[in-house]
Amino acid sequence: MTTPETDRADPPPPEGLESATPGGQKAAPPVGRRPLGRRAGRRPAPGEWSGARGVGTGADSPRSGRWRRLGAIVLAAGSAAAVAFLITSGIQARQQTRRSDTTLATVRAEERVTLHQLSVTDARLAAVRGESDAARRTLGVLTAELSGERAQLARQQSNLYVQGVSISALDTCLGGVEAALNEVGLNDQAGAVTSLNGVSASCRTAGASVG
Amino acid sequence: MADRRARRRRRLRRTAAVGLVAVVMGGAVAFDVAARVSMTHAESQRRTAQYTHRTMVGVLVGRRAAVAWATITRDTLRSSAISTNQELTAAASQLSQDNSSAFYQGLDLETLHSCLNGVTAAYTQLAGGSLPGAISAITSASAPCLSVEGGAGAGLVYPFDFPDPSVLDVGGTYYAYATNSAAGNVQIITSTDLVHWSAVGDALPHLPAWAAAGATWAPSVLQVGGTFVMYFSAGYATSGEQCISEAVATQPEGPFIDSSMFPIVCQLGLGGSIDPSPYVGPDGTIYLDWKSEGEGAQLPTLWAQPLDPTGTQVVGAGPSPLLQPSQSWEQGVVEAPDMVSIAGQTDLFYAGASWQGTNYAIGLATCTGPLGPCAKPLAQPFFASQGNVVGPGGPSVFTDSQGRLWIAFASWLPDQVGFPHSRVLFLRQLTVVDGMPHMAASSP
């Protein structure tokens, strides 16, 4: 803290280390702690604090009092401004905190909703995946059954074809033998032989097919 | 003293003021710092929460996309499963049908094989000169061969060659006779239910001296008292034309004996006589109906002439013409007459067209009496080819033991038309509506 007086002279000693005496007398600085000034009869060495005050500047002088009051006022005003600034800043911070809290509450509410939706969605996903797995298993079983049925169908149709060929051959063979029988009944041996020759291939096929 | 106190007070005031200022400043700083710390903390929490929320929303969006994908996958799988199930059902149905077809084909194969074995055995026996063996083989193969040819559903009752049939009821046992075949000069089969028929053998094992073997046709039998008289045509050995004779037996299955030296009807000038059929008139008089073949420009003609009470000799002034071909479907041929009294009216069934073809059919005429004349009430055949009946002919009407009217006829089978294929035996019931006979759908 400086005064207007010290502004025009060497810098004052740190506050608390200087003690003024009534009547403008200067108290001696503490031994070992304060450098010696001009009042000690010598010039202060470079780096030493001079601590000189202007002539006629006493604490109790009207000019000094004004300066002190002015300093106090400035100090008070600065302090007030600082306090006002700090309080305003704190209030703004608190308002910001409240807004953040409000936002936080909103976000957390939304978070809870989202969490619920996520939970529902997870359950739904699990259910759908379960249904998909079941459908996949069912499809696998059905596909296997279908494959088996188709294999059986192919075998049976092949069997039917072979049986159809056998029936056709047997029918042809039977027709020929029956014709031969009718011709033999009328003593037409040549006709009977012709009839039998005509169906011999079919009869061989039929005989092979029925074993 | 006072001055020192004043200075002390001033110093105290200054100290107090400075302290107050320091306290106020400290409080303000503390307030501000606390507020800022609180704000910083709150901001941090807000940012953290917002970040967390954004993360959760991102996760949620991802999960929802996963749900959508899983739903699509599930629906696709289900659709595939449904489609596969439908295919499976169709395949199972087809397999069932094929199994059924295979089963019936298996039965058909087995039946065909049995029939073929029987016919082959009959052929072998006959070729070896064993008629009884052939008859036995044919009889054993009758059921499977009947099944092969379509069964009795449409009236087919005997699946072997049985042309020009006639049926006689003797006390509830039915005897059917037919043109010569592997079974002999005159085939005879018997049944008690009109459904199951068994071969008996040859009802006419010996032909008369004037007849040539191999052409003994269209036999029919009449019971006259305790005697059974068979009428048939046979080839006249010296001319080759057909003539009509009779043979007698004491039982319907024969053997019938013909010891005649000459036929009883033989119209050599008309191309020969065939298809004899007896008819007993309302007054008990026996008549014989037949066909003259016709030569050159002569038309085939159906005739009638009375017989003596024994039924063995024609009597009277001569034969009376009954019918000649006059309708297009007849193709210039009428034959195989069979006269019968129905609802007090004399009806004449006959066959028209070529016996070897599918147009062969049965006609109907109404007569004023046993000796005619007869008229044709229909412009078309009474019964023509239909279903498994192809070229029906050789009608023989008879009454069963329950009074029902039946018509027996021979027919080719589909795709087996013309000799040496067989003309198999059918039976159909006749109904009478307004005095007119009609072919019923029912069969034995």
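1. In this predicted model, Val221(B) has Met230(B) of β7(B) as its bridge partner. The two strands concerned, β6(B) and β7 (residues 227-236) of chain B, pair in the antiparallel sense over eight bridges.

2. These strands belong to an open sheet of three in chain B, ordered β6-β7-β8, with antiparallel pairing. Its edges are β6 (211-224) and β8 (242-249) of chain B, each of which pairs on one side only. From one strand to the next, the twist averages 25°.

3. Elsewhere in chain B, helix α1 (residues 2-127) packs against helix α2 (residues 131-148) at an angle of about 160°, and their axes are 8 Å apart. Because angles over 145 degrees count as roughly antiparallel, α1(B) is described as roughly antiparallel to α2(B). The crossing of α1(B) past α2(B) is left-handed.

4. On the α1(B) side, the residues making this helix contact include Thr111(B), Leu112(B), Ala121(B), Ala122(B) and Leu126(B). On the α2(B) side, Leu131(B), Ala137(B), Ile138(B), Pro144(B) and Val148(B) are among them. Sorted by class, the contact of α1(B) with α2(B) has 14 nonpolar and eight polar residues, and no charged ones.

5. The contact between the chains takes 72 residues from chain B and 71 residues from chain A. On the side of chain B that touches chain A, α1(B) gives the most, with 62 residues. The residues on that side of chain B divide into 36 nonpolar, 23 polar and 13 charged.

Methods. Residues numbered from 1 in each chain as written. Chains lettered and ligands numbered in written order. Predicted model: local features only at pLDDT ≥ 70, side-chain atom pairs only at ≥ 80, totals over all residues. Axes fitted to C-alpha atoms, helices over the stretch in contact; angles between N-to-C directions. Helix = DSSP H or I, 4+ residues; strand = E, 2+ residues; numbered from the N terminus. Parallel < 35°, antiparallel > 145°, perpendicular 65-115°, else oblique. Left-handed = near helix turned anticlockwise from the far one by under 90°. Contact = placed C-beta atoms within 7 Å. Nonpolar A, V, L, I, M, F, W, Y, C, P; charged D, E, K, R; others polar. Pairing = 2+ DSSP bridges.
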